[in-house]
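Hello,

Here is the structure you will be working with.

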Amino acid sequence: MSDAPAPFRVGLLGHGTVGSAVDLLLPERADAIAHVTGLRPEVTGVLTTSRGDFDEILASSDLIVEVMGGIHPAHEYVTRAIEAGKHVVTANKQLLAEHGEELWALAREHRVQLRFEAAVAGVVPVIRVLQESLTGQHIDRLHGIVNGTTNFILSQMAATGASYAEALKEAQDLGYAEADPTDDVSGKDAAAKMAILARLAFDTPVHLSDVPFEGIEHLTTEDIAYARELGLSLRLIGTAERIGDELAVRVHPAFLYAGHPLSSVDGPFNAVTIESPAITEITLSGPGAGGPQTATAVIGDVISAMIPPAQTPPTQNKLGFVADVESSFYLHVEVADRPGVLAQIAQVLGLQGVSVKSVVQKGTGTGARLVLVVHPVLESRFYGAVQLIASKDFVTATPRAIRVIDEEFAS
Ligand code: HSE
């Protein structure tokens, strides 16, 4: 009788950057995985747009890895795999942010695993930490840099003074950004990832449509340079927080003070901070994109599926979503340089209940530029004040506002 470990058959849907890396890495690590699990994984079929047959792959697999991306036909394939009693590992954040509840319920019904570590923050094991390690804790808030492309662009703008367009081109040349980087730069990719994280952290359904998002397309190197004088660095931040009995999940550019753990996360890296009263704050960081990096997370999930059981349980809560949250803001206003202008701006802010934390003023030759940071205030009040300021005759360009995360953990 042979002692050779029994095979564990993996069907691979998609053979792009991540799929081809899984196809390469899984055989390389098969012996090591067999040593741990007693089963030897092997890729038994690959589906691409030009080769492979889904039904044949399904019939000859114990587990399906879905790394094709997009909603269709990934949704149909994942559904059929689960219904056929196969475990599924997916890196598809858009699919889970739109159809997660339905697919997790289907997986529970068919007693198979649907694992998705690679869908959020690449190889950073944030899903595992939320689902397993921190289940014993009440989580108050998450902040995440969950899109590597935009973090690379903003880091480059700060480090080299490159414009947004130049930094985007560099991200594309280096292979960080997609050929069509719309979902990256608009914040939609990060919003899908935050929906998944919020669902796990707060045990309540969160759909992509519950996550308002704002991108980085409108940001300028000038904003970054002024903010640096105020001790701030600019990042695309996803936030998910419990406010009373409700939840706020959103993605937008935000300035961070140097003491915030995310302020030093540079380049294509991702990081997530998890705040909880008992643990204060933990930060997980690492490569958020890339073939071998994301494939490592996929293979970690394959190994977990080989050693059952782990399930995404039904949610216990049904939290509502907060419509108006408090934020601190950076405000950039171009004004005519004449007596009383600063006083009038201060008056408008004061009447709206907006309190100024710091100010930088510079002459621009013909006029002046005011850059203020204000203390946290309801966003509706702040934008009301900005509208009033914009209507003043001494304001010479549309004011620009960016949120500031007014929180530092360094002692
Ligand atoms: N386009 C994504 C990013 C890849 O830049 O983070 C991983 O989802």
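**The cavity**

Arg115, Phe116, Glu117, Ile127, Arg128, Gln131 and Asp301 line the largest cavity. This is a predicted model, in which local features need pLDDT of at least 70 and side-chain atom pairs count only at pLDDT 80 or more, while totals for chains, interfaces and linings use all residues. Residues are numbered from 1 along each chain as its sequence is written, and side-chain values use heavy atoms, with hydrogens and water left out.

A cavity here is a set of points, on a 1 Å grid over the protein atoms alone, where a 1.4 Å probe fits but cannot get out; lining residues have an atom within 4 Å of a point. Rolling a probe the size of a water molecule over the atoms shows where empty space is left. The count comes to 1 cavity of 30 Å³ or more, and the volume of the largest cavity is about 30 Å³. That volume is the space filled by probe spheres set on the points, with grid points joined across faces, edges and corners.

Helix 5 (residues 126-133) gives the most to this lining, with 3 residues. Helices (H or I, at least four residues) and strands (E, at least two) are DSSP runs, numbered from the N terminus. By type, the lining has 2 nonpolar, 1 polar and 4 charged residues. In this scheme Ala, Val, Leu, Ile, Met, Phe, Trp, Tyr, Cys and Pro are nonpolar, Asp, Glu, Lys and Arg are charged, and the others, Gly among them, are polar.

**Salt bridges**

The structure holds 23 salt bridges. The term means a side-chain nitrogen of Lys or Arg within 4 Å of a carboxyl oxygen of Asp or Glu. Arg115, Glu117, Arg128, Glu132 and Asp301 are linked in a network of them.

Aspartate 62 and arginine 9 also meet in a salt bridge, at 3.0 Å from N to O. Aspartate 62 lies in the loop between helix 2 (54-59) and strand 3, and arginine 9 in strand 1 (residues 6-13), so this pair ties together parts that are 53 residues apart in sequence.

In the salt bridge of aspartate 266 with arginine 235, the closest N and O atoms are 2.7 Å apart. Aspartate 266 sits in the loop between strand 8 (246-257) and strand 9 (269-276), and arginine 235 in strand 7 (residues 232-243), so the two tie together parts 31 residues apart in sequence. Aspartate 266 is partly exposed, at 44% relative accessibility, whereas arginine 235 is buried, at 4%. Buried means under 20% relative accessible area, exposed over 50%, and partly exposed in between (1.4 Å probe, protein chains only).

**Backbone**

Most residues other than glycine have a negative phi, and most peptide bonds are trans. Arginine 111 has a positive phi near 55° and lies in the loop between helix 4 (93-109) and strand 5 (114-115). Alanine 121 has a positive phi near 60° and belongs to the loop between strand 5 and helix 5. Arginine 111 is exposed, with a relative accessible area of 72%; alanine 121 is buried, with 1%.

A cis peptide bond, with omega about 5°, joins histidine 72 and proline 73. Proline 73 is in the loop between strand 3 (63-66) and helix 3 (74-83).

Regards

Terms used:
1 Å grid on protein atoms, 1.4 Å probe; cavity = no way out; pocket = protein on both sides within 12 Å on 5 of 7 lines; lining within 4 Å.
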